[in-house]
Amino acid sequence: MIMVDSQYYLPNDIGISALDCREAFRLLSPQEKMYAHYLSRASWYGGLVVLLQTSPESANIFVLLQRIFRKETPEELEKVAATVGLSSEEYKAFLVYAAGLYANMGNYKSFGDTKFVPNLPKDKLEALVRASQAFQEKPVEMEALWNNSSTLIFSLEDRQKQLGLGDKGITTYFSGNCTLEDAELAQRFLDSKKLSAYNTRLFKRSDGGKVCYEVRLASAVQKVDGEKETSCGTFTFEDKEFIVKRGDYCPLMEKVCFYLQQAEAYAANENQQKMLEQYRHSFNFGSVESHKEGSRFWIKDKGPIVESYIGFIESYRDPFGSRGEFEGFVAVVNKAMSERFTKLVSSAEVLLSELPWPQEFEKDTFLKPDFTSLDVLTFAGSGIPAGINIPNYDDIRQSEGFKNVSLGNVLAVAYATQKEKLTFLKEEDKDLFIKWKGPSFEVQVGLHELLGHGSGKLFVQDHKGKLNFNKDKVINPETGELVSSWYQGSETWDSKFSTIASSYEECRAECVGLYLCLNKEVLRIFGLEGQDAEDVVYINWLSMVRAGLLGLEFYTPESKNWRQAHMQARFVILRVLLEAGEGLVGLKEVVGHDGKPDAQITLDRTKIHTVGKHAIQRFLCKLQVFKSTADVEGGRALYDGYSSVGDSGANNFLRLRETVLLRKEARKMFVQANTKVNGDHVELVEYESSAAGLIRSFTERFQEDADQLEADLLELSLKCWSFWVLKDL
């Protein structure tokens with residue numbers, strides 16, 4: 001084994017679990033199975049966009065792996081590996097790397113945004129590639145693929161260690177020469193044109209010394225003949241030239257549209273048909289407005305048996321926080337589990353009134369959403385969350401509604417923990433933690449999604465000057481004076497709070513979960529009373545403070561940068577609860593049984609309802625007030641303050657980070673099934689819970705047009721390659 005810092009490779013013993021949806025799929029009608037199948041196909045092809053949104057080399061590596069494994073199964077290739085001198089551990093390391101690339105849709109971890117490289121010598125991997133059947137059959141093509149990819153596969157130059165903007169890391173949402181100032185300028189331009197950044201990328205180039213910015217919209221169509229419109233074309237803004245053009249990810253968007261059209265024939269109702277029509281228009285022409293319209297029909301599609309969502313959704317991985325990563329999911333409703341969430345929705349208005357901000361800072365009316373527990377059939381993108389609150393369009397969420405989903409079969413396997421792998425807890429807490437982690441997380445996800453992301457009002461003045469609040473009466477509870485700032489025109493939460501928006505909002509939602517889980521009525525909805533209810537509260541809060549410590553893995557001291565929104569949020573909460581004092585939370589450095597540095601987290605359960613509740617109450621009110629009033633300066637000062645990681649004060653967090661890295665456990669990867677049409681029915685094809693099973697699922701997923709798809713991916717990658725010629729290579 002080569003000596004590489006362990007945070008930059010995936011360990012051979014990484015957990016790999018199959019997402020079980022067999023029973024859920026079996027219960028679907030033939031029409032529902034067809035609908036799910038075609039939506040899944042659209043999602044998987046769209047998910048390949050993430051390769052092009054992650055790093056310059058990701059698409060090339062994907063094609064290299066696909067060509068190798070389409071010719072030889074992992075079992076067949078193992079024999080080849082032995083003949084060229086790879087040990088069994090080295091070959092396993094290669095399989096884990098390949099599985100990791102597929103699971104993350106790129107060579108950067110979807111959770112944490114650090115690069116991962118193969119944990120075997122480069123010359124060994126090259127020998128295996130050259131000995132593969134794919135190389136033997138097409139040596140010229142495979143040689144070119146290897147030469148284009150190999151340096152970047154293994155390179156761990158400082159800038160390439162993590163995703164980021166400018167000299168802070170790698171991003172393909174922006175060309176390599178873009179800075180934060182360029183991102184801010186582009187946002188102002190987009191706002192001026194009333195264009196959303198969600199489905200765009202920004203490319204900066206210099207023509208004869210003159211700087212020009214190219215905004216590319218994701219679409220199947222590249223040009224619309226004779227179209228008169230204001231969104232595409234050449235514009236001058238702040239003395240700079242901007243060109244807005246369609247056609248980013250063109251062949252992939254075409255496939256998405258094709259399969260969405262197939263799915264339309266099996267839609268259960270008119271809302272689903274209109275939703276899919278609007279999605280197709282969006283992906284055809286690069287129109288976020290059409291996607292918003294599709295989302296409106298999606299919200300109206302209450303209680304479907306097959307639930308789905310697709311598009312440029314989450315902005316976590318855009319370093320500026322405005323551009324959406326493509327994702328698509330298809331899932332089946334778990335009716336028994338969904339009943340609990342339905343009861344929570346029924347209690348929502350009462351619970352919202354308990355949140356610690358004045359009534360004027362809450363939405364005028366709570367639009368009761370669908371809240372269902374789903375078993376995932378397909379989740380295409382860079383990773384799979386445990387719960388989702390969508391759509392992310394502020395104007396729709398504020399006035400028209402949203403949906404919440406909890407992904408039941410993800411929760412079932414993602415948070416299963418072995419006692420010996422439980423770090424930083426007292427021995428007497430470990431059994432209780434294992435017993436109640438699942439139920440407590442179910443409660444937290446429910447509250448986080450429904451009443452966290454679903455709560456709070458944004459004060460807005462529209463283009464016509466109309467305000468959605470009374471500026472002569474609404475008092476800011478933090479200052480005691482009238483509200484003096486708000487969102488104007490096309491400003492949104494993401495565009496205004498940009499780089500901190502995602503993490504700040506996750507922190508607000510997590511705090512809502514902690515605060516409202518103290519309510520006995522909430523716990524009763526989840527079937528928890530008496531000592532069980534108290535234990536769930538304790539484990540939920542203990543889990544949060546432990547997660548705050550674990551979050552240090554996702555902080556980069558060199559750039560003082562957080563790489564994961566949720567983990568930054570949890571660290572902030574840990575800081576708030578430590579600051580509360582009175583012995584509520586303890587964090588001390590100790591020596592482990594192995595003689596190496598360790599740490600221990602303690603939580604005084606008798607003080608959760610008093611000291612803990614008061615601390616979260618005060619902090620949560622501040623978060624909401626800054627958010628409602630568009631007070632970026634105040635919000636950023638608060639959030640950045642608690643996010644800072646230093647070596648002074650009561651806790652040396654930089655040293656604790658080293659301990660966390662020493663004892664970290666790799667995040668699990670999921671193997672997902674495929675669906676296949678056989679005559680007039682749809683089959684579910686399942687795979688084993690292993691790296692080989694995960695690899696096989698991907699090689700079989702794109703069999704029908706593999707050659708054309710791989711050629712398209714290479715062409716899309718090559719088209720942009722010059723924008724990321726890395727100076728430090």
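How many residues of strand β10 (residues 403-407) are buried? Five of its five residues are, and the strand is mostly covered in this predicted model.

**View 1. Both sides of strand β10 carry buried residues.**
Lys403, Val405 and Leu407 point one way from β10. Asn404 and Ser406 point the other way. All of these residues are buried. In a regular strand the side chains alternate between the two faces of the sheet.

**View 2. Strand β8 pairs with β10.**
Strand β8 covers residues 370-380. Five bridges join β8 to β10, and the two strands run parallel. Aspartate 370 has lysine 403 of β10 as its bridge partner.

**View 3. Strand β9 pairs with β10.**
Strand β9 spans residues 387-390. The sense here is antiparallel, with four bridges between β9 and β10. Isoleucine 390 has lysine 403 of β10 as its bridge partner.

**View 4. Threonine 200 sits in strand β2.**
Strand β2 runs over residues 200-207. Is threonine 200 buried or exposed? Its relative accessible area is 3%. Threonine 200 therefore counts as buried, because the cut-off is under 20%. The side chain of threonine 200 reaches the backbone oxygen of alanine 197 at 2.8 Å.

**View 5. Threonine 200 has contacts beyond its sequence neighbours.**
Residues up to four places away in sequence are not counted here. Threonine 200 touches Tyr173, Val215, Arg216, Leu217 and Arg323.

Notes
Residues numbered from 1 in each chain as written. Predicted model: local features only at pLDDT ≥ 70, side-chain atom pairs only at ≥ 80, totals over all residues. Heavy atoms only, no water. Buried < 20%, exposed > 50% of the residue type's maximum accessible area, 1.4 Å probe, protein only. Pairing = 2+ DSSP bridges. Polar contact = N/O pair within 3.5 Å; in protein donor to acceptor, adjacent residues only side chain to side chain. Contact = heavy atoms within 4.5 Å.
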